[in-house]
Amino acid sequence: MIEAVTRFDSFENANIHRGLYDLSSTATKRYEQIRTKVAHFLGTENSNTVAFTKGTTESINIVAQSYLSKKIMPGDNVITTIMEHHANFIPWQVLTQTHHAELRIVPIDPHGNLDMNKLRALIDSKTKLVAINHISNTLGTVNPIEDIIAMAHKKNIPVLIDAAQSISHCALSLDQMEYDFLAFSGHKMFAPFGVGILQVAEKHLGEVLPYNVGGGMIREVTNERTTFRDFPFNLEAGTANISGVIGLGAAIDYIGSLDKTDVSNHIRDLTDYCVATLNTVPEINVVGSPSGRSGIVSFTVTDIHPHDVASFLNQDQIAVRAGTHCTQPLLASLGLGATIRASFSIYNTRDDIDQLKASLIALIKFWS
Amino acid sequence: MTKEELEILYKSKIIPASKEPYHFEKHAQANTVIEAYNPICGDKYQLYLDMSEGVVQSAYFHGFGCAISKASTSILARKVEGKRLEEVVALGDTFIASLTGITPMDFDDECLKILNELKNFDGRVDCIKSSWEAITHHLKEEQWK
Ligand SMILES: Cc1ncc(COP(=O)(O)O)c(C=O)c1O
């Protein structure tokens, strides 16, 4: 990935959809080939379903502003869940508030699973969208996306999936799913920061309108009026993050070269091993015990604040996130001020988890 | 900061100050209540000040936060009691500026010195600063009223 970006920046650097010189037309071709690559990665032949964005946050905001704000009426509702990242919570809160609509929040059960009965009860004829994460970035819960899509589609309600945490777990079969909108970020799949994807199902392509206007996204401009290109080009106003997209293409090649089942088994094994290991220490409290958990384990340590824990772990070269993880509504519902979060990728090993435990035990002893 | 230095600092100063913080209790009847909140980590304290004739007569605090923010707020509560509003603002401004590492620091106070040293401890400046910023900001607004 780094080599691909460096090669582009060093030798192939040119803007796209602009010049007729070789460098520019090559860059344009590469960029559009990566759009196709992303489409294939997501299980479709139609590359025009794929828009490049800055990341998950921007992708979700586009759906809120360019799609739903044109459709939502007073008295309608949007359904999201208590375990969302703020990126998939605030856009709906703000949108429903400005349109005098209702935000309906699906709770979790005491284990950290989504309350599916509650979700079923909340969906009604006024529901305009169900917006849900695939894997919770705080609890690690893997949500039953296929069931949720089926439930919503039975009532013709579109579904947006926040796949930020699941996109690198290719074995989760996102490419088989019939979602309406999919959002994810490059940096969660070994691609650079500041590039991401919004994928839109074919039947909604004409309903996602421009949200930023300017160069590159127009068909014709006169003094009086402008006509715009179709999705996805109507979203890509101005100069794009071309190196980022080049990196995203290389990251997809890399992920594609891995064995899906191996990746998934490895992450599951580390997750289960981490939970089991941390549960052997009485002062450590693992948050939640969902029936499916992948890649993420949140915990607290009795009497030691998560920030202090993280600072001590840092001294032992262990990098964890501590705080509210951009999920304040979730932590409030759990009665927690903050947690420590261990997250795993393909490069982690069981040994890392043993070291985590050893460091935590040393800290607990030191603190007492 | 090495791990040894960190451990010594925590053991000798931070943990004791955070385990037995000064005036750590709710004081709802105080005439000035200020919230110190760090949205990134979720730390949140209420500072309860009793002010009369421009002087902080008593300072209490309560809430949730890490050992560093608790120790820092505890030191703050102890320091501001008996001070005039403008003195508190001046102390707050100087202390916050000292945390940038650019403005030199010349407190003779041992506790403030230690807090200041913690700025070298990556990523934790906000934990030290949050309550100080909240009180300084609030009292400045009082002054401008
Ligand atoms: C589940 C989830 N949604 C959304 C986001 C936001 O992604 P970005 O900051 O790349 O827009 C994240 C990132 O942490 C996430 O974990």
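Trainee: How much area do chain B and chain A bury between them, and what share of it lies on carbon and sulfur atoms?

Mentor: Please note that the model is predicted. In it, chain B and chain A bury about 1600 Å² between them, and 56% of this area is on carbon and sulfur atoms. On the side of chain B, the residues that lose the most area to chain A are B:Lys3, B:Cys41 and B:Phe64, which together account for 27% of what that side buries.

Trainee: How many residues does each chain give to the contact?

Mentor: Chain B contributes 23 residues and chain A contributes 15 residues.

Trainee: How many salt bridges are counted between chain B and chain A?

Mentor: Let us begin with the general idea. Side chains of opposite charge can pair when their charged atoms come close. Between chain B and chain A the count is two salt bridges. A:Asp308 pairs with B:Arg124 in a salt bridge, and their closest N and O atoms are 2.8 Å apart. Over all chains, the structure holds 16 salt bridges.

Trainee: Which parts of the chain does the salt bridge of A:Lys71 and A:Glu207 link?

Mentor: The side chains of A:Lys71 and A:Glu207 meet at 2.9 Å, N to O. This pair links distant parts of the chain, 136 residues apart. A:Lys71 is in the loop between helix 3 and strand 2 of chain A, whereas A:Glu207 is in the loop between strand 7 and strand 8 of chain A.

Trainee: Are helix 1 and helix 2 of chain A roughly parallel or roughly antiparallel to each other?

Mentor: Helix 1 (residues 2-12) and helix 2 (residues 22-41) of chain A pack at about 160 degrees, with axes 12 Å apart. They are therefore roughly antiparallel. Their contact is made by A:Phe8, A:Phe11 and A:Glu12 of helix 1 together with A:Leu23, A:Ala27 and A:Arg30 of helix 2. By class, these are four nonpolar, no polar and two charged residues.

Trainee: At what angle do helix 3 and helix 4 of chain A cross?

Mentor: The axes of helix 3 (residues 56-67) and helix 4 (residues 90-98) of chain A cross at roughly 15 degrees and come within 9 Å. Angles under 35 degrees count as roughly parallel, and these two helices are therefore roughly parallel to each other. The crossing of helix 3 and helix 4 of chain A is right-handed. Helix 4 takes part in the contact through A:Pro91, A:Trp92 and A:Leu95, while the residues of helix 3 include A:Ile60 and A:Val63. This contact has six nonpolar, two polar and no charged residues.

Methods:
Residues are numbered from 1 along each chain as its sequence is written. Chains are lettered from A and ligands numbered from 1 in the order in which they are written. This is a predicted model: local features need pLDDT of at least 70, side-chain atom pairs count only at pLDDT 80 or more; totals for chains, interfaces and linings use all residues. Side-chain values use heavy atoms; hydrogens and water are left out. Axes are lines fitted to C-alpha atoms, for helices over the stretch in contact, and angles run from 0 to 180 degrees between N-to-C directions. Helices (H or I, at least four residues) and strands (E, at least two) are DSSP runs, numbered from the N terminus. Angles under 35 degrees count as roughly parallel, over 145 as roughly antiparallel, 65 to 115 as roughly perpendicular and the rest as oblique. A crossing is left-handed if the near helix is turned anticlockwise from the far one by less than a right angle, and right-handed if clockwise. Contact means heavy atoms within 4.5 Å. Ala, Val, Leu, Ile, Met, Phe, Trp, Tyr, Cys and Pro count as nonpolar, Asp, Glu, Lys and Arg as charged, and the others, Gly among them, as polar. Buried area is the accessible area (1.4 Å probe) that two parts lose on being put together, summed over both. A salt bridge is a side-chain nitrogen of Lys or Arg within 4 Å of a carboxyl oxygen of Asp or Glu.
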